[in-house]
Amino acid sequence: MAHLKNKRPNIILILVDDMGFSDIGCYGSEIQTPNLDRMARGGMRFSQMYNYARCCPTRACMLTGAYPHQAGIGHMMENTGSPSYQGYLRDDVVTIAEALKSGGYRTFMSGKWHVGGAYDPTRPESWRPGEKGHPTPRQRGFDRYYGTLDGAGSFFAPYSLMEDDSFVQVEEETESHMRRQGEKSDTSDSYYYTDAISEHAVKMIKEGADADDPFFLYVAYTAPHWPLHALPQDIAKYEGIYRKGGWDALRTARHEELKGNGLLDSRWPISPRDEVAPPWEAARNKDWEDMRMAVYAAQVDRMDQGIGRILAALESSQCAEDTLILFLSDNGGCAEFLAENGWVDRYGDWTPDGRPMHTGNDPSLLPGGPHTFMSYDLPWANASNAPFRLYKHWVHEGGISTPLIAYWPASIQPNQITHQVCHIVDIMPTILEAASISHPTEYNGQPVLPLEGESFLPLLQGENWSRQGHIFWEHEGNRAVRLDQWKLVSKHGGQWELYDMQEDRTELNDLSTRNRPKVEEFAGLYHAWANRVGVLPWPLR
């Protein structure tokens with residue numbers, strides 16, 4: 001067994017998609033997440049962990065320990081011709097998997113890749129995985145891979161689905177699953193991507209635990225990203241509970257829970273309801289709205305069930321004690337309204353049985369099934385991000401604040417909360433230090449960029465630690481700088497705003513006119529950083 005033959009830990013990195021700060025039980029939610037709650041009780045919760053506001057930049061930053069622009073993904077997957085915006089990982093950065101593999105780890109990935117160029121769902125004949133501009137996980141350090149190469153899509157029939165180096169069809173996966181379960185299926189609706197990610201992660205754990213070397217497993221769920229697709233038994237747990245009080249009651253309840261469990265300072269008031277969101281009493285189609293949030297909750301619930309299977313696999317393999325698990329989200333809750341915002345034109349007909357898919361948020365249809373393609377929209381995202389302002393895309397707190405749970409029974413004392421500021425760019429140096437592996441200065445004969453992040457391993461091991469360097473963000477012209485208590489932030493095209501995060505984490509009291517020296521200091525640091533990493537003006541030309 002790997003845990004008996006070396007002292008280096010196994011490492012599991014779990015990233016979820018479009019989940020807000022308060023969407024799991026141990027961060028104030030009513031959604032049932034007993035497995036994450038168990039990890040929180042046995043480990044450490046972070047109250048000030050930051051991601052990079054959007055799926056692709058967060059993944060690039062986390063996997064390389066560089067800022068997204070340095071890794072080649074300053075925006076999304078489109079290649080603009082600039083090295084900072086080429087849409088796939090550059091060769092002058094190394095991934096966590098490449099570094100760990102060079103140091104003797106076995107490396108596995110199950111789930112969403114989305115750092116290897118774009119894949120048009122309507123033109124599968126154009127897909128060229130492995131060619132220049134479209135690196136796959138296997139080309140960036142992973143021994144084994146199962147998952148989707150591109151971004152969002154149906155949970156019942158995901159596109160760009162691969163196992164190792166070959167595309168696989170949902171029908172093949174379903175039959176294989178049923179054979180393993182000793183069952184027979186007459187419909188591909190029995191396939192559900194969240195479960196498949198969990199199932200393959202469990203297989204990888206068993207394979208890794210039987211080897212002599214430690215293993216690294218990256219689990220990248222697409223839940224709870226749109227579309228609102230969930231299993232009926234999970235939806236049934238939540239149907240009706242959001243009908244009374246709606247998003248207003250939900251925001252208040254979660255804020256109170258966050259204060260009560262010590263994750264947020266009781267002095268910080270909740271941000272006002274977004275001005276675009278109506279008060280719940282004035283909301284239309286309340287039954288349909290209740291169902292949208294119920295399906296979203298069901299997606300989070302099923303993801304947590306999968307994490308329970310991962311924990312059980314570690315325990316049955318007798319390597320739970322010596323495995324470091326990190327759990328976080330790639331951005332805040334998502335306010336996108338799909339068809340009305342132009343998001344679903346590219347998905348076409350990808351239903352399991354070939355029937356038309358109804359795209360967009362239509363109150364005459366119930367969300368959840370494979371023939372719908374809906375989102376939960378701004379008012380519910382406002383609740384997901386409670387008590388903060390704004391959403392995915394923006395770099396105000398609602399867009400970049402994520403839960404982080406660190407669980408490592410052999411090293412982390414149970415039931416801890418830390419308020420130290422950390423960032424997604426710190427994940428790679430933390431993992432490398434835990435594995436006793438140095439970041440390489442060159443890879444494949446080519447010099448690589450140094451790490452931008454700082455290891456917070458001392459914090460996990462009970463030592464005093466605080467981040468020394470500034471944190472920077474830029475996404476779609478939204479900008480921010482954070483160090484210690486100060487945060488400078490602006491929306492695209494807007495003026496700089498300055499907040500004292502010690503007194504005002506919910507960003508309600510802009511101090512920019514009262515502290516011009518701090519604004520000028522941080523703005524100067526931002527512009528120097530932006531020039532260094534290759535930030536271009538938004539919108540990109």
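Hi everyone, and thanks for coming. What you see is a predicted model, in which local features need pLDDT of at least 70 and side-chain atom pairs count only at pLDDT 80 or more, while totals for chains, interfaces and linings use all residues. Residues are numbered from 1 along each chain as its sequence is written, and side-chain values use heavy atoms, with hydrogens and water left out.

Let's start with the helices. Helices here are DSSP runs of H or I with at least four residues, strands are E runs of at least two, and both are numbered from the N terminus. How do α10 and α11 cross? Helix α10 covers residues 286-316 and helix α11 covers residues 377-384; their axes come within 11 Å and cross at roughly 50°. Those axes are lines fitted to C-alpha atoms over the stretch in contact, with angles from 0 to 180 degrees between N-to-C directions. The two helices are therefore oblique to each other; under 35 degrees would count as roughly parallel, over 145 as roughly antiparallel, 65 to 115 as roughly perpendicular, and the rest is oblique.

Which residues meet there? From α10 we have Glu289, Asp290, Arg292, Met293 and Tyr296, and they meet Asp377, Trp380 and Ser384 in α11. Contact means heavy atoms within 4.5 Å. That set divides into three nonpolar, one polar and four charged residues. For the classes, Ala, Val, Leu, Ile, Met, Phe, Trp, Tyr, Cys and Pro are nonpolar, Asp, Glu, Lys and Arg are charged, and the others, Gly among them, are polar.

Staying with α11, eight of its eight residues are buried, where buried means under 20% relative accessible area, exposed over 50%, and partly exposed in between, using a 1.4 Å probe and protein chains only. What covers those residues includes α10 and also α9 (246-260).

Now the charges. A salt bridge here is a side-chain nitrogen of Lys or Arg within 4 Å of a carboxyl oxygen of Asp or Glu, and the structure holds 35 of them. One pairs Asp165 with Arg138, with the closest N and O atoms 3.0 Å apart. Asp165 sits in the loop between β5 (161-163) and β6 (166-167), Arg138 in the loop between β3 (106-111) and β4 (144-148), and the two are 27 residues apart. Arg138 is partly exposed, at 32% relative accessibility.

Another joins Arg532 and Glu452 at 2.7 Å, N to O. Arg532 lies in helix α15 (residues 516-533) and Glu452 in the loop between β14 (446-447) and α14 (457-460), so this pair ties together parts 80 residues apart in sequence.

Also in α15, Glu521 and Lys518 are three residues apart, about one turn of the helix, and they form a salt bridge at 3.1 Å between the closest N and O atoms. Glu521 is partly exposed at 38%, whereas Lys518 is buried at 18%. There is a network too, linking Asp17, Arg59, Lys112 and Asp330.

Finally, two loop residues. Is Asp18 buried or exposed? Asp18, in the loop between β1 (10-16) and α2 (34-42), is buried, with 2% relative accessibility. Leaving aside neighbours within four places in sequence, its contacts include Tyr296, Asp330 and Lys392. Val276, in the loop between α9 and α10, is exposed at 60%. Its C-alpha atom is 17 Å from that of Gly399, which is 123 residues away along the chain.
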